[in-house]
Structures are given as C-alpha cells and as structure tokens.
Amino acid sequence: MKAAKDYVVREIAGDVVIVPTGKAAQQFNGLITANSVAGFVWLNLEKCDTPQEMVELVLENYEVEREVAQEQILSFLQDMKTVGMIEY
Amino acid sequence: MNPFQTENLIEQRICNLADMNQIPISGTFELLPLCNMDCKMCFAKMSKAQMEKHRPMRGYQEWLEVARQARDAGMMFLLLTGGETFLYPDFQKLYCGLRKMGIVVSINTNGTLITEEIAEFLAKDPPRRVNLTLYGSSDETYKKLCGNPHGFSQATHGIKLLQERGVPIKLNCSVTPYNVDDLESIYAYAAEKKLPIETAYYMMPAIRENNLGNQDFRLDPRTAAEVKMRVRELQYPPAVLKDYVLGTLDRYRDYVPSGEVKKGFTCRAGNSVFWIDYDGMMRACSFTQEPSVQVFDRPFIQAWNEIKEGVSCVMLSSECLSCKMKTICSTCAASMCSETGVYSGTPKYHCELTARFIELLMEKEKEYGE
C-alpha cells in the first residue's frame, strides 16, 4: 500500500501531517492532520501489502481489541482509497 | 515575526509545536535581489552589476538541496521572495521540486510580471498563497514610488489572471509618504476583489550595505500611528472597532510590568523561523544582521543550530521589556537593533508611535462615551 502520488506525508514534532500537492491541492489547498492511530497507519502504509497486514501491525503496536481494530482500520483504509488518498 | 498573519488552526498548532521544540518550521528564501521596479524604500534591490560584484545568485538545484535538508529538519512552510520572485530564472523548476518534497510554499511578488503562463502554472499546483504587494491605487502612484508608470495596471492584471484560476492571493500594502493618500482606495479595491489585505505602516531603517534603505521614505512616527488607526477603521465593522479600542485600552491600563528580563527574541524568529538571503546568509529574520551563518558551506542543521544559539544569547532593551506600553507597542528585536544599532537599544520611533496611538485610542473611547 502507499500514499497516492499527490499526497506527501510529513511528521512534525510527533504529529503526522498530510500535504496535498498537484491536483489534490486544486481540490483542497490546506493541510490534513491525523490522530495517533491514523498517523501510524499513514506512516506505515508501505510496510503493508494488504489492509489485513495493517490491522495486524496496529494490533502489535496498540492495545485494542481485534474486532475493533479489524472494523475501524479496514473502514478507514477503504475510505482513504475511495477518496483517492491511498492506493492498494 | 509572524509569517502567517492569517494562519488557520492546523497551521497554528504546527507552528506552536515547532516553537516549543525549536524546530525550523518556517523559512524564507530570498532568491535574488533583482527587481523590475525601483521602489524608493526597498531594502533588498541591487542592480545586476551590483549583484554580480557582491555574489551571483544561486542555482535552483542549490536551493533545492538546502530545502531538502531544511525539510528533514522540520521545515513545513517556505516563503519565496526577492527582489521580484518571478525574475528568478528557474522559478518553475524550483517550485515543482519544493512541492514534491511536501513543502507548503507562499510567494511574494509585486504582481507586475504575472502572465497567463505563470498563472496557469501556479493553478496546477497552487501555492499556500501569493502575497502581492499593492504600492498604490493608480499608475501615477506607481510612477512616483516605484518608477513604473504602468505598475498598477500590470499588478491588477496579474491579480485578475490569478483570481480567474482560483490561485489564493493576499494583498500587502506598505504605506509611505508617497502612497499614504491611496490607502482608502487600496482598501476599496481589496474589498471589491474580496481579497484579504495587510498593511505595513512601519518600516525599519536600512541595515544592509547595498542601499540607502527606508529611513528617508517612511512615515514619521505620529503619521504611522494615525495610519495604524485608520487601517483598523477600514478593516473592522463599527462594533468590532469599538471592542478593539476598549479592549486594547483595558489591557494597557491593567498591565503591570513584571520587570522580568529574559534573554532571546520575543518572536518566532530564530526559534522556529529563519531567513536566507540570496547570497546564502541565514539570519533569524530579514531585518536582523547578527547572528548570521553561511548556509551553503555547511549542513542546514548546523547553520540553524548556530542561529538558535546566537539568538538565545541576545539581551533586548530592558526599558522596552519593562515598559507600560508593551501591550500595544509592536517593537521587536529587529526594530530595536535596526533603529539603535544594538539589540539592547530602545527604539524611540516606536515610543513616539505607540504614545500617539494610545492618544488616538483614548479619543475614540471618548467618542464612544465610555
């Protein structure tokens, strides 16, 4: 998995910030911040080939019930894919 | 120094995080000292011959390497300025490289060189903002102040091209004795075009060797105070103006100076903000000469650490830091040093300006019957 080419992921003092560029900036010329888990997902996209691998990675790093992680991470990734922010 | 007068909440949070951690979140690259105009108060302009003698401008790949290192050190926001930014030969290559790094770019320009090609280019990957300085509201004023008899027509054409393509613009206005009479019509123009506008009523004296600078072409302090008030009258609806006047006076009257004097600047410069001249000297801001470090002959992070260290040792005017007018006065490290020659000096221009501004606030207060 990876961020779509028009989105650059940055980390500033522990905060994850997503910078739209090119066509994405034509649609939204601003910055997107992510909470802790969403930031973790964005920073680790390229370590995972599939959404399920990301679920496992989140479970290894956060104290969260498997059912909750399964539902929310898969939903989050699908939403990001639908709006064209990530690719897999 | 606040590089984002209209920063939003996310930008504010990022800048505050950077402040707390001394991360160089925001920088300025002064790409070149060349300009197609000849403004009387300009502190940066050089002729091509002067520039070549002093130091030729740096190539875009050199700037991209500095930007890459600055990005790795945390830089998120970058202002490109000059001279006239659109005279920089490889502007488009530089801009594209910066955006690919995920840097949020703003551009300073006088707007007179913006063509359809430039507007189209910017619209494809819009900058955070184009800061376009309006020097007057007519070609006559541009002729008097900037030596360009077509300047207003050219700048407003540039604005039209950018607005048609949705490129965000903020107007800047530097008020001098040559254009002070245009202030109302400049604000009327901004309102008509629905553009935000920011006015500089104060100009620092010259600090660079290459020009005579602003001092002979700036407003006297009493007039500057009157312009400061007039700008607020133009910007704020009556109810907001009243709140501003009464609130500002309340803060002034309630303020009891603590007498505490700490080393370092009182703004973000040298703490999370830096400036690099076209010749590669990094400074805390455009109007401070020292500390300064050549950034092209050492790693960016080393230059930044040297600037931070230098700024943290500066002792500002103890008179200013313990002054009753501090809540209203806009003096800063750069103005203390440029007005008096030393950081510990008290800039009397600001004392006079602020005292007059307080008189004007009190006159307004009387009008309100408070």
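Biologist: Where is Ala13(A) found?
Modeller: Ala13(A) sits in the loop between β2 (7-12) and β3 (15-20) of chain A. Helices (H or I, at least four residues) and strands (E, at least two) are DSSP runs, numbered from the N terminus.

Biologist: What is its phi?
Modeller: Ala13(A) has a positive phi of about 45°, although it is not a glycine. Most residues other than glycine have a negative phi.

Biologist: Is Ala13(A) buried, partly exposed or exposed?
Modeller: Ala13(A) is partly exposed, at 35% relative accessible area. Buried means under 20%, exposed over 50%, partly exposed in between (1.4 Å probe, protein chains only).

Biologist: And Lys194(B), what is its phi?
Modeller: Phi of Lys194(B) is near 55°, positive in a residue other than glycine. Lys194(B) is in the loop between α8 (183-193) and β6 (197-200) of chain B. Lys194(B) counts as exposed, with 73% relative accessibility.

Biologist: Before I go on, what are the ground rules?
Modeller: This is a predicted model: local features need pLDDT of at least 70, side-chain atom pairs count only at pLDDT 80 or more, and totals for chains, interfaces and linings use all residues. Residues are numbered from 1 along each chain as its sequence is written, chains are lettered from A and ligands numbered from 1 in the order in which they are written, and side-chain values use heavy atoms, with hydrogens and water left out.

Biologist: What is the mean pLDDT of chain A?
Modeller: The mean is 95, and 100% of the residues of chain A reach 70 or more. pLDDT is the predictor's confidence in each residue, from 0 to 100. Among the elements of chain A, strand β4 (residues 32-34) has the lowest mean, 93. Helix α3 (residues 51-61) of chain A has the highest, 97.

Biologist: Now cis peptides. Which residues does the one with omega of about 20° join?
Modeller: That bond joins Gly82(B) and Gly83(B). Gly83(B) is in the loop between β2 (77-81) and α4 (91-100) of chain B. Another cis bond joins Glu290(B) and Pro291(B), with omega about -5°. Pro291(B) lies in the loop between β8 (281-283) and β9 (292-294) of chain B.

Biologist: Switching to packing. Which residues touch the most other members of the largest nonpolar core?
Modeller: Phe29(B), Leu122(B) and Leu171(B), in a core of 109 residues. Apart from that core lies another of 23 residues, among them Ala3(A) and Leu57(A). A nonpolar core is a set of buried Ala, Val, Leu, Ile, Met, Phe, Trp, Tyr and Cys residues joined through side-chain atoms within 4.5 Å.

Biologist: What is Leu171(B) in contact with, leaving aside neighbours within four places in sequence?
Modeller: Its partners include Leu132(B), Ile159(B), Tyr189(B) and Glu198(B). Contact means heavy atoms within 4.5 Å.

Biologist: Is Cys146(B) buried or exposed?
Modeller: Cys146(B) is buried, at 0% relative accessible area. Cys146(B) lies in helix α6 (residues 139-146) of chain B. Leaving aside neighbours within four places in sequence, its contacts include Met37(B), Cys39(B) and Tyr135(B).

Biologist: Last one: how many helices and strands has chain A?
Modeller: Chain A has four helices and five strands. Along the sequence the pattern is β-β-β-α-β-α-α-α-β. Of the 88 residues of chain A, 45% count as buried. The C-alpha trace of chain A spans about 40 × 30 × 20 Å along its principal axes.
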